[in-house]
Amino acid sequence: MANFDFDFPEDMLSGLDSILDDVAPKMIEEALPTCQKALEDSVRTVISTASEDVKRQTGDLEKSLKILPPKRTKTGAYIGSVNFVGYDAKGSPNPVKALGLEYGNNHQVARPFMQKAANSCRAEVTDKMQQVFNREVKS
């Protein structure tokens with residue numbers, strides 16, 4: 001399944017000891033839309049430069065991105081995800097199409113987009129998380 005992950009910067013974690021359970025999910029919730037937009041843009045760019053027939057490019061893959069609510073794992077880490085969900089009009093699973101695009105398959109060459117998306121929004125996500133942290137700690 002296609003997945004978009006990011007880590008908290010270490011300097012941000014030092015102040016979260018006592019309020020981590022309240023602040024971390026809020027930070028993730030506000031940062032994930034930025035991640036979703038970066039993934040949509042990256043998928044759109046990769047698909048629009050593909051040599052396949054333009055008629056096949058419906059935009060369903062980029063529209064299938066869904067933000068899942070943050071959750072805490074058994075190890076205590078907080079995870080936020082933006083995933084490809086559902087099926088296209090022909091019944092093909094969108095996560096499988098995304099994996100084929102990212103890693104390639106026997107019908108197409110790999111056209112990576114996930115790392116490009118992560119790199120393009122890293123600073124904006126970090127800034128957004130820092131803003132939420134500052135706002136929540138001051139209140």
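## Overall architecture

Of the contacts in the protein with a separation of 6 or more, 63% are between residues 24 or more positions apart; contact here means heavy atoms within 4.5 Å. This is a predicted model, in which local features need pLDDT of at least 70 and side-chain atom pairs count only at pLDDT 80 or more, while totals for chains, interfaces and linings use all residues. Residues are numbered from 1 along each chain as its sequence is written, and side-chain values use heavy atoms, with hydrogens and water left out.

The protein has five helices and two strands, arranged along the sequence as α-α-α-β-β-α-α. Helices (H or I, at least four residues) and strands (E, at least two) are DSSP runs, numbered from the N terminus. Of the 139 residues in the protein, 38% are buried. Buried means under 20% relative accessible area, exposed means over 50%, and partly exposed lies in between (1.4 Å probe, protein chains only).

## The β hairpin

Strand β1 (residues 65-72) runs antiparallel to β2 and is joined to it by six bridges. Two strands are taken as paired if DSSP finds at least two bridges between them. L65 has F84 as its bridge partner in β2. The two strands form a hairpin with five residues between them, and G76 in the turn has a positive phi of about 95°.

Six of the seven residues of β2 are buried, so this strand is largely enclosed by the rest of the structure. F84 is itself buried, at 1% relative accessibility.

Helix α4 (residues 94-103) has N94, P95, A98, G100, L101 and E102 as its buried residues. The elements that cover them include α2, α3, β2 (78-84) and α5. Just after α4, G104 takes a positive phi of about 80°.

F113 sits in the loop between α4 and α5 and is buried, with a relative accessible area of 0%. Apart from neighbours within four places in sequence, F113 contacts L39, S42, V43, V46, F84, A98, L101 and E102. The C-alpha atoms of F113 and A38 are 9.7 Å apart, although the two residues are separated by 75 residues in sequence.

## The aromatic pair

There is one aromatic pair. Rings of Phe, Tyr and Trp (its six-membered ring) pair if their centres lie within 6.5 Å; planes under 30 degrees apart count as stacked, over 60 as edge-to-face and the rest as tilted. The ring centres of F84 and F113 are 6.0 Å apart and their planes are at 85°, so this pair is edge-to-face. F84 lies in strand β2 and F113 in the loop between α4 and α5, so the pair ties together parts that are 29 residues apart in sequence.

## Helix α5

The 25 residues of α5 should span 36 Å at 1.5 Å a residue, and the end C-alpha atoms are 34 Å apart, which agrees. The expected span is 1.5 Å times one less than the number of residues in the helix.

Helix α5 bends by about 50° at C121, where the bend is the angle between axes fitted to the seven residues ending there and the seven starting there. C121 is also one of the buried residues of α5, which are M114, A117, A118, C121, V125, M129, V132, F133 and E136.

## Salt bridges

The structure holds seven salt bridges, each defined as a side-chain nitrogen of Lys or Arg within 4 Å of a carboxyl oxygen of Asp or Glu. One of them joins K26 to E136, with the closest N and O atoms 3.1 Å apart. K26 lies in helix α2 (residues 20-48) and E136 in helix α5 (residues 114-138), so the pair ties together parts that are 110 residues apart in sequence. K26 is partly exposed, at 35% relative accessibility, whereas E136 is among the buried residues of α5. E136 also forms a salt bridge with R135, with closest N and O atoms 3.7 Å apart; R135 is partly exposed, at 41% relative accessible area. A network of salt bridges links K26, E30, R135 and E136.

A further salt bridge joins E62 to R44, with closest N and O atoms 2.9 Å apart. E62 lies in helix α3 (residues 60-63) and R44 in helix α2, so this pair ties together parts that are 18 residues apart in sequence. E62 is buried, at 15% relative accessibility, while R44 is partly exposed, at 38%.
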